[in-house]
Amino acid sequence: MTIARIMDRMLAFSGGNLHDIHHFMKVWTYARTIGQLEGLDEETLLILEAAAIVHDIGCPLCREKYGHCNAREQEMEGMPLAQSLLASSGLTDAQIQRVVTLVGRHHTLEGIDGPDCQILIEADYLVNAGESGYDRESMRRFAQQHFQTSAGRALMASVYSV
């Protein structure tokens with residue numbers, strides 16, 4: 001029920017912005033798939049799924065405040081918004097803090113501190129690559145350098161033929 005509650009809140013928060021909704025739904029799907037294939041324990045998978053749903057929660061504010069949505073600003077602005085949205089979501093305080101941490105680092109490739117963080121980065125990249133039309137060579141290089149999970153690599157290969 002917790003993921004459904006978070007999804008419902010994020011859909012409402014998105015205010016009908018189809019791009020934002022489609023983006024987080026795709027990232028959530030990839031993250032859940034990779035997490036399951038990699039054998040994450042139930043709690044880590046729950047945290048990963050929650051983070052995938054809210055990872056770009058800072059984007060609407062960034063677009064309004066800065067006129068764009070760059071990685072660093074969306075991580076920074078997203079953390080307190082995620083904290084607020086997740087209150088009374090059914091997650092424990094420790095789980096909420098981990099999700100907020102992941103929101104604050106989902107574009108940060110240094111210091112990845114757990115499989116949930118790694119998988120969120122991979123899932124977001126899989127979606128961003130398609131949405132932004134990255135060329136195959138850039139995708140291949142990024143995956144080679146930054147994808148650490150077998151499932152993420154397999155998805156990159158099967159979805160983008162790299």
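Visitor: Ground rules before we start?

Guide: This is a predicted model, where local features need pLDDT of at least 70 and side-chain atom pairs count only at pLDDT 80 or more, while totals for chains, interfaces and linings use all residues. Residues are numbered from 1 along each chain as its sequence is written, and side-chain values use heavy atoms, with hydrogens and water left out.

Visitor: OK, core first. How many residues does the largest nonpolar core have?

Guide: The largest nonpolar core has 47 residues. Those with the most contacts inside it are Ile6, Ile53, Val54, Val99, Leu126 and Met156. A nonpolar core here is a set of buried Ala, Val, Leu, Ile, Met, Phe, Trp, Tyr and Cys residues joined through side-chain atoms within 4.5 Å. Buried means under 20% relative accessible area, exposed over 50%, partly exposed in between, with a 1.4 Å probe and protein chains only.

Visitor: Which helix gives the most to this core?

Guide: Helix 7, with nine residues. Helices are DSSP runs of H or I, at least four residues, numbered from the N terminus.

Visitor: Zoom in on Val54. What is Val54 in contact with?

Guide: Leaving aside neighbours within four places in sequence, Val54 is in contact with Ile6, Met10, Ala82, Leu85, Val99 and Val103. Contact means heavy atoms within 4.5 Å.

Visitor: And helix 6, what do its buried residues pack against?

Guide: Helix 3 (42-54), helix 5 (71-86) and helix 7 (115-132). The buried residues of helix 6 (residues 93-103) are Gln95, Ile96, Arg98, Val99, Val100, Leu102 and Val103.

Visitor: Switching to rings. How many aromatic pairs does the structure hold?

Guide: Four. Rings of Phe, Tyr and Trp (its six-membered ring) pair if their centres lie within 6.5 Å; planes under 30 degrees apart count as stacked, over 60 as edge-to-face and the rest as tilted. The Tyr125 and Phe142 rings have centres 3.8 Å apart and planes at 5°, so that pair is stacked. Tyr125 lies in helix 7 and Phe142 in helix 8 (residues 136-146), so the pair ties together parts 17 residues apart in sequence.

Visitor: Are those two buried or exposed?

Guide: Tyr125 is buried, with a relative accessible area of 9%. Phe142 counts as buried at 18% relative accessibility.

Visitor: What about Tyr125 and Phe147, which kind of pair do they form?

Guide: Edge-to-face: 6.0 Å centre to centre, with 85° between the planes. Phe147 sits in the loop between helix 8 and helix 9 (150-160) and Tyr125 in helix 7, so this pair ties together parts 22 residues apart in sequence. Ring pairs link Tyr125, Tyr134, Phe142 and Phe147 into a cluster.

Visitor: Pocket next. Which residues lie nearest the centre of the largest pocket?

Guide: His19, Asp20, His23, Asp56 and Cys59, out of 20 lining residues. By class, the lining has eight nonpolar, seven polar and five charged residues. Ala, Val, Leu, Ile, Met, Phe, Trp, Tyr, Cys and Pro count as nonpolar, Asp, Glu, Lys and Arg as charged, and the others, Gly among them, as polar.

Visitor: How is a pocket defined here?

Guide: On a 1 Å grid over the protein atoms alone, a pocket is an open set of points where a 1.4 Å probe fits, with protein on both sides within 12 Å along at least five of seven lines. Lining residues have an atom within 4 Å of a point.

Visitor: Now Gln74. Buried or exposed?

Guide: Gln74 counts as buried, at 5% relative accessibility. Gln74 is in helix 5. Not counting residues up to four places away in sequence, Gln74 touches His55, Asp56, Gly58, Cys59, Cys62, Cys69, His106 and His107.

Visitor: And Gly78, where is that?

Guide: Also a helix 5 residue. Gly78 is buried, with a relative accessible area of 0%. Gly78 and Val54 are 24 residues apart in sequence and 8.3 Å apart in space, C-alpha to C-alpha.

Technical notes. Helix = DSSP H or I, 4+ residues; strand = E, 2+ residues; numbered from the N terminus.
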